[in-house]
Amino acid sequence: MKKYLIALLAILSLGQIAFIPSASAQNPRVSIPDFADLVERASPAVVNIRTTEKVVQQQAQGGIPGMPEDQAEFFRRFFGVPIPGMPGGPKQAQPNPGKPQEADRGVGSGFIIESNGLILTNAHVVEGATTIYVTLTDKREFKAKLLGMDKRTDVAVVKIEARDLPKLPLGDSSRVRVGEWVLAIGSPFGLENTVTAGIVSAKSRDTGDYLPFIQTDVAVNPGNSGGPLLNTAGQVIGINSQIFSRSGGYMGISFAIPIDEAMRVADQLRTNGKMTRGRIGVALGEMTKEVAESLGLGKPRGAYVRNVEPGGPAAAGGIEAGDVILSFNGRDIARSTDLPRVVGETKPGTSAPLQVWRKGATRDLTVTVADTDSTQAANKKSDAPAANANSANALGVAVSDLSDAKKKDLNIKGGVEVTGLGEGPLARAGIRPGDVIIRVADADITGVKQFEALVKGLDANKAVPVFIRRADSTLVVPVRPK
């Protein structure tokens, strides 16, 4: 009997063990990656870039260059600091004063993408340089040739005369995931081959520039610019380009140009020496939640057109100020900053279909994309005359009919000019005398009588979009009639 009990207990124990979740299942261990092997493979393909420029040396007049004389005298008297050019201080050598001399301009980073010496870096690293020096990890130094740079995307391609160089493999920046580990290699403050690591903090971060950036918390400082951002497979997913800083140093946020975008630019630079982009001739404004709701879009989406260049591709294609571009050439436009990128990638001469939202409905149009180098109309600017008046209408404005000359000047077909503001929603929204009201909701404004009749019929419980023409821009102001 005792033997049977022992056997039964053994079976039960085995069953319990079989059904107890393992420690790894309950508390999965996440290990921090070891970057040592990755760094060993990648470092030889990361280069230091030093630039120089021609400067004219001036004869010293005393004091420290860049320091006011009273401050220099303070240092000399109270700290005993010998000041070149000051009494008792060492004489400042001035070789060939008045003649151009080569002086150090700055340092940055880059990385080799082809074994024949083709290197990617930032445009701001090499812009304005007289001479570009590239130093490899084996201490060899080369003079580099600038093949091309694009300031709008901050991408540059340089070439050194060398063969069989180590190169970095390129990854796919569209597959980058927020939270994944990444690594930066560069020359912060001139300290060559410095390695820092972190994670991807955000993707498609708009900073007001042409490209959507990869945001990371990798420590990046002056001198890291142009260096690679690598994933754990050792592939380049971005070019370190910017930092967010109030002090000039790293503060926990850095930005990298996605490598897919950078290579599109680099391919043109190495072939043509410049970047060719498409353009359609529109100025864009921010699409806010209030504007979207007042236009009947529901949620903010698309690119709001605040101005159309007279005689430009958009005007020829039927785009009007106040339109919202929802798609372009088969690609959805989620926000205004998407449109310049999509249009820029479109080959000039392409007839691109697009969809706009206008007066509560979608319209399909076609625009022929032009080259950014083509002549652009100059922006017109005018100062609106000030006026004071009271108005009892629901929008709180006094208006007058437009002259034909002003219609032609503003490139509009109709509207009424604001001549005075009372206590009303448009005044609170920042409208000022001289502005022109061209549309209210879905109704184009043709004159004062039609405008006043339209305003009287507005629903006081519902916000309506009022389209305002100011100089060369069209603003959408959602207001609720009083």
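Predicted model: local features only at pLDDT ≥ 70, side-chain atom pairs only at ≥ 80, totals over all residues.

Author: A residue counts as buried when its relative accessible area is under 20%. Of the 482 residues in the chain, 43% are buried. The chain exposes about 25500 Å², and 52% of that is supplied by carbon and sulfur atoms.

Reader: How many helices and strands are there in the chain?

Author: The chain has 12 helices and 26 strands. Among contacts with a separation of 6 or more, 62% are between residues 24 or more positions apart.

Reader: Which strands form the closed barrel, and how do I read their order?

Author: The order lists strands as they sit side by side. Here the closed barrel has 6 strands, in the order 7-8-9-12-11-10, with antiparallel pairing. From one strand to the next, the twist averages 45 degrees.

Reader: What joins strand 11 to strand 12?

Author: Strand 11 (residues 236-243) and strand 12 (residues 254-258) run antiparallel and are joined by 5 bridges.

Reader: Now hairpins. How many residues lie between strand 4 and strand 5?

Author: For a hairpin, look at the pairing, then at the turn. Strand 4 (residues 131-135) pairs with strand 5 (residues 141-150) in the antiparallel sense over 4 bridges, and Y133 stands opposite K143. Between these strands are 5 residues, and in this hairpin K139 takes a positive phi near 75 degrees.

Reader: Which residue takes a positive phi in the hairpin of strand 5 and strand 6?

Author: That residue is D154, with a phi near 65 degrees, in a hairpin with 4 residues between the strands. Strand 5 pairs with strand 6 (residues 155-159) in the antiparallel sense over 5 bridges. L146 has V158 as its bridge partner in strand 6.

Reader: Which residues have the most contacts inside the largest nonpolar core?

Author: The largest nonpolar core has 29 residues, and F111, L120, L168, L230 and I259 have the most contacts inside it. Elements giving two or more residues include helix 3 (36-42), strand 2 (100-114), strand 3 (118-121) and strand 7 (181-186). Helix 6 provides the largest share, 6 residues.

Reader: What is L230 in contact with, leaving aside its neighbours within four places in sequence?

Author: Its contacts include L38, A42, L168, W181 and I237. There is also a second, separate core of 20 residues, which includes V399, V418, V448 and V464.

Reader: Which residues of helix 12 are buried, and which are exposed?

Author: To read a helix, ask which way its residues point. In helix 12 (residues 448-456), V448, F451 and V455 are buried. These three lie on the same side of helix 12, because they cover an arc of only 65 degrees around the axis. K449, A453 and K456, on the other side of helix 12, are exposed.

Reader: What covers the buried residues of helix 12?

Author: The cover includes strand 21 (397-401), strand 22 (416-421) and strand 23 (436-440).

Terms used. Residues numbered from 1 in each chain as written. Heavy atoms only, no water. Pairing = 2+ DSSP bridges. Axes fitted to C-alpha atoms, helices over the stretch in contact; angles between N-to-C directions. Core = buried A, V, L, I, M, F, W, Y, C linked by side-chain atoms within 4.5 Å. Buried < 20%, exposed > 50% of the residue type's maximum accessible area, 1.4 Å probe, protein only. Contact = heavy atoms within 4.5 Å. Arc of directions from axis to C-beta. Areas by Shrake-Rupley, 256 points an atom, 1.4 Å probe, with all protein chains shown as cover.
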